[in-house]
Amino acid sequence: MSTDIGVWIAAFLTLGILSFLYKDNPFYKVSESIFIGVSAAYWFVYMIYNVIEPNLLGNLQKGEWWYAVAGILGVMMLFRLIPKIGWLSRWAVAFMIGTGAGLNFIVYLQSNVMKQIRGTLAPLNSIGNIMMIVGVITGLIYFFFSAEHKGLLGGAAKVGIWFIMVSFGASFGYTVMARISLLIGRMHFLFSDWLGLLH
Amino acid sequence: MDTRFWTKEKCKWRRKVLPLTAFIILLALWGTIRAQSPVDTLPPSPPTEVTAFDTPNDAGKNITINWKLSTDDGAGRNIVKGYDILRSESQEGKFEVVGSVVAGISTFQDDKVKNRRNYFYKVRAKDHTSSDSPTVGPVQASGQWYHKGKTVVLIFVVIFTALVIYFVESAKKGKKLYVRPIPGMDAVDEAVGRATEMGRPILYILGLSTISDVATIASLTILGRVAKKVAEFQSKLLVPCYNPIVMTVAQEVVKNAYLDAGRPDSYDESNIWFLSSSQFAYAAGVNGIMLREKTATNFYLGMFYAESLILAETGNIAGSIQIAGTDAVTQLPFFITSCDYTLIGEEFYAASAYLSREPKLLGSIKAQDWGKAGLIALIILGGFFASFHFDTFINLFTVGH
């Protein structure tokens, strides 16, 4: 069994969070509050040293003055705390949403449309390729919103949702395995690092 | 005792041992001679045909250097271990190594240069000794306004934008645009009504992404519609946020929704608060809220990651009506298994248009459908062209980096 106080605290908090599987209880509440509080403080410090210091102050020190625009927009966000000039924070938010939407438009068009289409353009010489093309086309038809899913369109949409559900099933199994590995990591911590039962 | 060296019996094994001993001695001699032989001190032949040019279709500050491999790289004496790329700001000036590549590679991009400044390069083939190529230059880096490899993207943008403008204008002029029913969105009124009847709050999760994410923007649009319904029904809406900027926007959206519903006095800013920017701390916090506040309805709309099942399963245990929507493909199966309604991918984006019936959103939905029809046509055509090895058509969709 570990003699490290840090390991004991971590084990207590792990068990506290896991106790939620039984029901909401004081141990869970304590663990949850510590988790949220520590993470808030951690991210606050992380942002200062990994975002504000290198990206803003670091660049300003190098004489890249146009980074000051980002700094001003950041300060404008804080104007929400002063009701009289709180409206100024909307400018910063509008800037972020606008740039985000504009940049993502092109990025998504390239990665989610062009590259996917390029990957689908395969010769119709194997069952696998034909299945892929049929799956993509019927899947796209399922996401037609401005036409009623009746007749031929309805039939194709039904085939499309089957393709989608089968792929979700495969994804489900794959992701569950990844989650199990997270659980194994915690169990290993409890039985090895804390209790010393596994070596 | 027989002391003779070559007796019949002794000869038998000595015949075996002596040749073996002689072989070992010879081997040792050969090794010693080889170890003492002089090292090949001749330098490898230098790289040839070195070219340096401004990297095309980029934002600048980048120069590409190409060369022909040394004749001793993979052939000849095959002694080249790698290449150093040397740079100077004058032809006779001091050259400094700015990068290295292993043998067999004949290109390098120098991304530590300034625009509109002269640079000279040479490439050094390395072994125990080295030999330099002739100096090339001057070359300058500069940015380009137009990426020639992305012309096809521009064509798509122009066509799609034209479709959106056309259909939005049509919708504005009063043309009725049909949007097929989306089951999850039809359930919004029922879910808000149920919460009101039960006297319990509604929980709205905006996902774990930033304000720049399209999923978050779509979720905020739906939040506005849900908040309006909540204000009309005089229920309580709880919005714990993962991102502080998303929280700021959510507060504005909900405030406006209450104003639209004619209930600005019912708006309580403290019900939209920042919880945590740590994924599982946030999940732990939301789980606690679900059980303590006994939320009647939970909305999970936005971008989600590994916490999706933790949240949805807790809501399921708590007996809440749950409506989820995301474009995170790996999380959708979890929502489908644990929520009452799930908006799959683009259904989530269409939901805001479906709820609001705004001409702008309806027009864009119609334009997207036409876009999808166009893509289907291209896929069918592409399939046939690929079958007949007509690669020119297929390569049209290869986008440059």
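This is a predicted model: local features need pLDDT of at least 70, side-chain atom pairs count only at pLDDT 80 or more; totals for chains, interfaces and linings use all residues.
Local features need pLDDT of at least 70 and side-chain atom pairs count only at pLDDT 80 or more, while totals for chains, interfaces and linings use all residues. Residues are numbered from 1 along each chain as its sequence is written, chains are lettered from A and ligands numbered from 1 in the order written, and side-chain values use heavy atoms, with hydrogens and water left out.

On the chain B side, 68 residues are in contact with 54 residues of chain A (contact means heavy atoms within 4.5 Å). Together the two chains bury about 5600 Å², with 72% of it on carbon and sulfur atoms; buried area is the accessible area (1.4 Å probe) that two parts lose on being put together, summed over both. In chain B, Arg180(B), Arg292(B) and Ile379(B) lose the most area to chain A, together 12% of what that side buries.

Charged pairs turn up too: the rule finds five salt bridges across the interface (a side-chain nitrogen of Lys or Arg within 4 Å of a carboxyl oxygen of Asp or Glu). Glu252(B) and Arg80(A) meet in a salt bridge at 2.9 Å, N to O.

Strands are DSSP runs of E, at least two residues, numbered from the N terminus, and two of them pair if DSSP finds at least two bridges between them. Five bridges join S9(B) to S12(B), and Leu203(B) has Asn298(B) as its bridge partner in S12(B).

Conventions: Helices (H or I, at least four residues) and strands (E, at least two) are DSSP runs, numbered from the N terminus.
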